[in-house]
Amino acid sequence: MRSPFYNLLGAVNLRFSERSSFQIPVNSADVLGSLSLTSENDADTIPVPIVMIDQDSDPNATIVQLSFGDRLGALIDTMKAIKDLGLDVSKGTVTAGASDQTKFFITKMGRKVDDPAMLERIRLTIIINLLKYHPESSEKLALGAAFGIKAPKKKPDVDMTTNIHIQDDGPKRSLLYVKTPDRPGLLMEIIKMMADINLSVESAEIETEGLIVKDTFHVSYRGAALKDSLSQILVNSLRYHLLRPEIEEESY
């Protein structure tokens, strides 16, 4: 069951926080342009990019968090790419330090984004934008094979990497955790599979960490947590589907 979320959009602002914090206008191109940090393209020192979409922390907005060591930059272009999807960025924050973290609070028509297809578009848009402005991230991301300058040198082993776990999260819903190698459209595949067995997805947290995705879903069946038998069906179905691309590739 989808829950409606409403948000009154305020002024856009960008906050930097270390031991002390200050604010600057988010549309200040001169200031934001100076934040783009350059480093040696030493493969051993390139940090792992992380993109996380959080649906639980804020009742009124979808939070997108991006980190890439101390190399974050091109924030205006990232926000423009999000706005080009027909979305609004109500505010943004940047935590500066050894590992910069950028957060965008995103809404669509004043509400939290709850369409899985749009969430996947947000994720792919941010990753592609990261590859554009930080091409050194290419070898660290699965999408680097399609959109980057270099494909990852080694793909994660699907069988060894994939982990699926379900536990109760109160009497009315269960918590589904999926960890598996990344690929385009993966979120939609998982959502569709749950819809096929009549499960309701109430919220999701989607994290891309380099070549791996770590997705967490709050799910229910007819307003209740999943029973053991249904949980096992879901785990078996997801595992079969997630491993299938590798099985089909090896069969040729």
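Q: Ok, is Gln65 buried or exposed?
A: Gln65 counts as buried because its relative accessibility is 15%, where buried means under 20% relative accessible area, exposed means over 50% and partly exposed lies in between, using a 1.4 Å probe and protein chains only. Keep in mind that this is a predicted model, in which local features need pLDDT of at least 70, side-chain atom pairs count only at pLDDT 80 or more, and totals for chains, interfaces and linings use all residues. Residues are numbered from 1 along each chain as its sequence is written, and side-chain values use heavy atoms, with hydrogens and water left out.

Q: Where does Gln65 lie, and what is it in contact with?
A: Gln65 lies in strand 4, residues 62–67; helices (H or I, at least four residues) and strands (E, at least two) are DSSP runs numbered from the N terminus. Leaving aside neighbours within four places in sequence, Gln65 is in contact (heavy atoms within 4.5 Å) with residues including Ile50, Met52 and Thr102.

Q: New topic: what is the phi of Met109?
A: Met109 has a positive phi of about 55°, although it is not a glycine, and Met109 is found in the loop between strand 6 (101–107) and helix 3 (116–133).

Q: And is Met109 buried or exposed?
A: Met109 is exposed, because its relative accessible area is 76%.

Q: What about Leu143, buried or exposed?
A: Leu143, in the loop between helix 3 and helix 4 (144–147), counts as buried because its relative accessibility is 2%.

Q: How far apart are the C-alpha atoms of Leu143 and Asp182?
A: The C-alpha atoms of Leu143 and Asp182 are separated by 8.0 Å, with the two residues 39 residues apart along the chain.
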